[in-house]
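Subject: Handing over the two-chain model

Dear colleague,

I am passing on the structure below, and after it you will find notes on what came out of going through it. Please read them with the coordinates open beside you.

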Amino acid sequence: MKRSALLLLSLVFASAVTPSLGDVPMTKWGKPSLQGNWDFRTVTPFQRPASFADKEFLTMEEVEEFEAAVVAGREARAAIDFDGEYDQQDLDVGYNQFYLDQGTRMTTTMRTSQLVYPENGRMPAMTDRGRETAAYFRILQSRSPEGPEDRNLYDRCILGFNAGPPMRSGAYNNIMKLVQTEGHVAILVEMVNDHRIIPTDNGGPDLPTDMRLWKGDSRGYWDGDTFVVNTKNFTHLSRFSGTGEGMLLTERFTRLDENRLEYMWTVEDLEMFEDKFTAVVEMQLTEDDVFEYACHEANYAMPLMLSGARKQEASGEEDDTWLPSWSR
Amino acid sequence: MKINLAVKLIGTSLLMLSVLISCSQESSTPSMNISSDVARVAAVPAESGPPDLSGIWQVMNSASWNLEGHAASKMPVTTILGALGGIPAGMSVVEGTTIPYLPDALEQREKNRADWNNLDPVAKCYIPGVPRVTYMPWPFQILQTDSEIFIAYEFGSQSRSIFMDRPGTEAPLPSWMGYSLGHWDGDSLVVNVTKQVPDTWLDASGNYHGPNLVVEERYTLVDTNHIQYEVTIDDPDVYSRPWKISMPLYRRIEENARLLEYKCVEFGEDLLYDHLRKDYDGPKALDGSLRGN
């Protein structure tokens, strides 16, 4: 038999006995395709609300009720009259409903929270060190800023507040692009126009501990049909949810079907929290483009905050009216 | 059950045999201390489709300082950094050596140049735009797929998507990096970039453009480790004719080559907001001299 015919026969035969992944698109090199633009908006609460107590999953009817209640709550907020000094309808907290883009649907996991561990769907307690560090940054960022470093990384346009890593649905820009080659996966999160390039072969030796990256150092590998990404070497300012530079992040990407990407992540930082915590959502494939989020280029807020602070100092009239109401 | 097991064993054996056959047909791979991108490119026969530009690339010139020929010169930081605070010399990368500005536009370029460190958007860590982002002296990584080519730039953690599957479309909005549509012209990747905001410069020497900039890039893999990068730049409000730059891109071949972070906002903040810090004691340049507000 000719060599080419043998090759063809063996490939046809092998494909007949290789397990199929059903609706999951595959790459040319035989791995599930994770490529696409992914919408990670969700109204599923990050932590399980008290009203759901020990209930882990919802029925379809309960999901629809919850979603309807969220939409009704937003409509009520948009219509409310704020009384008191700041009579600006729907603008007291800086954004009105036009800007917020948190979706109207719960994630298709049907869960009562994004958090799945601890098993009660609530964040673990912070350690003493975690509480002290959180208090330090809370006080720093509540005072009139002496320089740009007094502001959080979102105000400085260094990291996005939904981008992590890990990615977590926030106020807006809840979309990411994933581009996949055999050797690397690139993840671009719209906020703030930032990317990670993740090798798929674990990427060689670890970085030394004195090399710290804002988004940490990510290395990936395939565990069957799931792409696992381990990230560490964060800076002490990266502070996802109050973590420190010792944070260890494990993300798991699993393509469920044509339209869904399961995204599960675990954060472990036992210096700041008494236990690890794990969340899971199902991102939805979208035809929407990821737009350029030129945050720093249009950061008018920073010079305004700083010049406002200097003016207050000059007049001796420092106050906290510049802070949004939720952080006073 | 036994028949199924036999079928699976035969299938697996034939698959292994086919892998062994196909491996013997590949060309030999380079030595193991260079990146896997090099080995992969060397192994692909030329007739198997467009070249794969995936990998990490970087320029080796001073075009980001000045596209036109220039001698070495001081920056405002030589009193602090000494010999590390100079701009290196470089040959022109412009075809015809100088940029064909219209007369009024050339005056504007000279005004830009006179105060470049305060006016250059990249000094503020703003997005460089295309083509400048390519010849910033930081590496960038190309991830090539059929539907899009994603380029990640270490400078500022910037990136862009070159869309290969939507010819004839337009950007809904202008942006700093513009809107990139790509196609293959033989073995050259041709990228048309439109809708860039007019706020970017082409280098740190005041060379600039207007809102109607049109850029056409050509990436041609001349051998495994070199791309010839040619760019045609046109803006009839600024230049008297379209003009070209060209330069090689060099593959980073070391095995541990990777992009790191150069998130420069914290550096740009000093330039942008120093005068708004508490206890700021007056405007001064970094060499200690006073400058106007």
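This is a predicted model: local features need pLDDT of at least 70, side-chain atom pairs count only at pLDDT 80 or more; totals for chains, interfaces and linings use all residues.

A contrasting case is the salt bridge of B:Asp146 with A:Lys28, in which the closest N and O atoms are 3.1 Å apart. Here B:Asp146 sits in the loop between E4 and E5 of chain B and A:Lys28 in the loop between helix H1 (3-17) and E1 of chain A, so this pair, too, joins two chains. B:Asp146 counts as exposed at 60% relative accessibility, and A:Lys28 counts as exposed at 71%.

A further pair consists of A:Glu149 and B:Arg277, whose side chains meet in a salt bridge at 2.8 Å, N to O. The pair crosses between chains, running from the loop between helix H3 (128-142) and strand E3 (175-180) of chain A to the segment after H6 of chain B. A:Glu149 is partly exposed, with a relative accessible area of 37%, while B:Arg277, at 17%, counts as buried. There is also a network of salt bridges that links A:Arg143, A:Glu146, A:Asp150 and B:Lys278.

Turning to totals, the rule finds nine salt bridges across the interface of chain B and chain A, and the count over all chains comes to 38. Between chain B and chain A there are 23 residue pairs in polar contact, with both residues at pLDDT 80 or more. On the side of chain B that touches chain A, helix H1 (2-24), strand E4 (140-144), strand E5 (148-153), strand E6 (158-163) and H6 each supply at least two residues, and the largest share, 10 residues, comes from H1(B). The residues of that side divide into 23 nonpolar, 14 polar and 13 charged.

The contact takes 50 residues from chain B and 50 residues from chain A, and the area buried between them is about 4,300 Å², of which carbon and sulfur atoms give 61%. In chain B, the residues that lose the most area to chain A are B:Glu261, B:Tyr273 and B:Leu276, which together make up 14% of what that side buries.

As background, an α-helix has 3.6 residues a turn, so residues three or four places apart point the same way.

Finally, within chain A, A:Asp39 is found in strand E1 (residues 36-39) and is buried, with a relative accessible area of 15%. Its side chain makes a polar contact of 2.8 Å with the side chain of A:Arg41. Leaving aside neighbours within four places in sequence, A:Asp39 is in contact with A:Asn174, A:Met283, A:Gln284 and A:Thr286.

With best wishes

Notes
Residues are numbered from 1 along each chain as its sequence is written. Chains are lettered from A and ligands numbered from 1 in the order in which they are written. Side-chain values use heavy atoms; hydrogens and water are left out. Helices (H or I, at least four residues) and strands (E, at least two) are DSSP runs, numbered from the N terminus. Buried means under 20% relative accessible area, exposed over 50%, partly exposed in between (1.4 Å probe, protein chains only). A polar contact is a pair of N or O atoms within 3.5 Å; within protein, one must be able to donate a hydrogen and the other to accept it, and residues adjacent in sequence count only if both atoms are side-chain atoms. Contact means heavy atoms within 4.5 Å. Buried area is the accessible area (1.4 Å probe) that two parts lose on being put together, summed over both. A salt bridge is a side-chain nitrogen of Lys or Arg within 4 Å of a carboxyl oxygen of Asp or Glu. Ala, Val, Leu, Ile, Met, Phe, Trp, Tyr, Cys and Pro count as nonpolar, Asp, Glu, Lys and Arg as charged, and the others, Gly among them, as polar.
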